[in-house]
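Biologist: I am new to this structure and would like to know what stands behind the labels. Please show it, and then I will ask.

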Amino acid sequence: MAPRVDEKYREEINKARIELENLVKSKEFSAPDFLRLAYASQFTIANSHHDDNAGNTTSTDDATKKKTQSPNNNSLKTIAKIKANHLIITYPDLYQLAGVVAVKELGGLDIEFVPGRTESLISPDENCLPDVKQSPAELRDVFRKVEISDPKHIVALYGGLKLATAGAQGADLKLDNSYFVDLVDKKKDLSPAEKALLDDPEFHNCVRCYATHKEDFFEDYEEAHKKLADLGLPYSAFIKSTFKKSASQVKKVLGAQKAVGVAVAAAVVILSFFYVINRRTAKHSPHQFQ
């Protein structure tokens, strides 16, 4: 069952967000570590469902038990402490909230957070993350498990992942396009996966674009991160969030347009709302938490 996202739940989310922000700002915890945890959570759950659907003989209970018994790192211990202070918040919500906080602290992006993920005891496993030794085809396959297939989203998230795996190295780490600038200028030793980003035509075009247009990277990264974070979010929470955004857009139009323009703009926003819902429904997959 998904949690009931009422006023009390949102209050607890806000309190947990403040705790996470304070940990990062006080340097008690690394923002890249939180970002890596958020990524790992989604890839782990997606891989778990993928293995089950592929006929893996290991039962879900056994797989869950194996993962939860793995050694906890500092990020998992930190999340567990916050969970103890806010018992009604699910672990998947806390993992993705930590990721959103990390992104903002690293680069100023304020990604919308939609709560309501079903509880899961599957502990994030960083071994499920994209590997630096992967080829273009293998990168596409691993991202496809989390329903990421657009080349720009794969490249943008790979850039975020490289920052996340940097851990606490240096105090000036920022989630910007500098990684792609260095990649194009070959100012660093390239891993097989980074060579794949340059050798594959579609990936290469995205790398070039991000290296020269920081705004494009920010826009695509925000879109890709939210797509990854929202994977497995129950439809009820997703629809409510989408409807609120659509209503907000209509309100803005009402304040700036007159009668005819308002009617047209409102119709467009409403139609776009149903388009998003239909698109998500059409892409329904077993990668859901519930």
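Modeller: Let us start with Arg144, which is partly exposed at a relative accessible area of 46%. Bear in mind that this is a predicted model.

Biologist: Why is Arg144 called partly exposed?

Modeller: Buried means under 20% and exposed means over 50%, with partly exposed in between. The value for Arg144 is 46%, so the residue is partly exposed.

Biologist: What makes Arg144 and Asp141 a salt bridge?

Modeller: The cut-off is 4 Å between a side-chain nitrogen of Lys or Arg and a carboxyl oxygen of Asp or Glu. In the pair Arg144 and Asp141, the closest N and O atoms are 2.7 Å apart, so the pair meets the definition of a salt bridge. Both residues lie in helix H6, three residues apart, about one turn of the helix. Asp141 has a relative accessibility of 43% and therefore counts as partly exposed.

Biologist: How do you know that Asp220 and Lys152 form a salt bridge?

Modeller: Their closest N and O atoms are 3.9 Å apart, and the definition asks for within 4 Å. Asp220 is in helix H11 and Lys152 in helix H7 (residues 151–164), so this pair ties together parts that are 68 residues apart in sequence.

Biologist: Are Asp220 and Lys152 buried or partly exposed?

Modeller: Asp220 has a relative accessible area of 11%, so Asp220 is buried. Lys152 has 25% and is therefore partly exposed. Salt bridges that share partners also join Asp93, Glu112, Arg117, Lys226 and Asp230 into one network.

Biologist: How many salt bridges does the structure hold?

Modeller: The structure holds 15 salt bridges. One of them joins the side chains of Lys83 and Glu119, at 3.0 Å from N to O.

Biologist: Why does the pair of Lys83 and Glu119 tie together parts that are apart in sequence?

Modeller: Lys83 lies in helix H4 (residues 74–85), and Glu119 lies in the loop between H5 and helix H6 (136–144), so the parts that the pair ties together are 36 residues apart in sequence. Lys83, at 10% relative accessibility, counts as buried. Glu119, at 31%, counts as partly exposed.

Biologist: Which residues form the negative surface patch?

Modeller: The patch is formed by Asp110, Asp150, Glu215, Asp216, Glu219, Glu222 and Glu223.

Biologist: Why does Leu106 count as buried?

Modeller: Buried means under 20%, and Leu106 has 4% relative accessibility, so Leu106 counts as buried. Leu106 lies in helix H5 (residues 91–107). Leaving aside neighbours within four places in sequence, Leu106 is in contact with Ala31, Pro32, Leu35, Leu163, Leu173, Lys174 and Leu175. The C-alpha atoms of Leu106 and Val24 are separated by 9.8 Å, with the two residues 82 residues apart along the chain.

Biologist: Why is Ser41 called buried?

Modeller: Ser41 has 2% relative accessibility and therefore counts as buried, the cut-off being under 20%. Ser41 is placed in helix H2 (residues 31–53).

Biologist: Which residues does Ser41 touch, not counting those up to four places away in sequence?

Modeller: Ser41 touches Tyr95, Gln96 and Pro124.

How values were computed:
Residues numbered from 1 in each chain as written. Predicted model: local features only at pLDDT ≥ 70, side-chain atom pairs only at ≥ 80, totals over all residues. Heavy atoms only, no water. Helix = DSSP H or I, 4+ residues; strand = E, 2+ residues; numbered from the N terminus. Buried < 20%, exposed > 50% of the residue type's maximum accessible area, 1.4 Å probe, protein only. Contact = heavy atoms within 4.5 Å. Patch = residues over 30% accessible without salt bridge, like charges linked within 9 Å, V, L, I, M, F, W, Y side chains within 5 Å. Areas by Shrake-Rupley, 256 points an atom, 1.4 Å probe, with all protein chains shown as cover. Lys, Arg positive; Asp, Glu negative; His and termini not counted. Charge placed at Lys NZ, Arg CZ, Asp CG, Glu CD.
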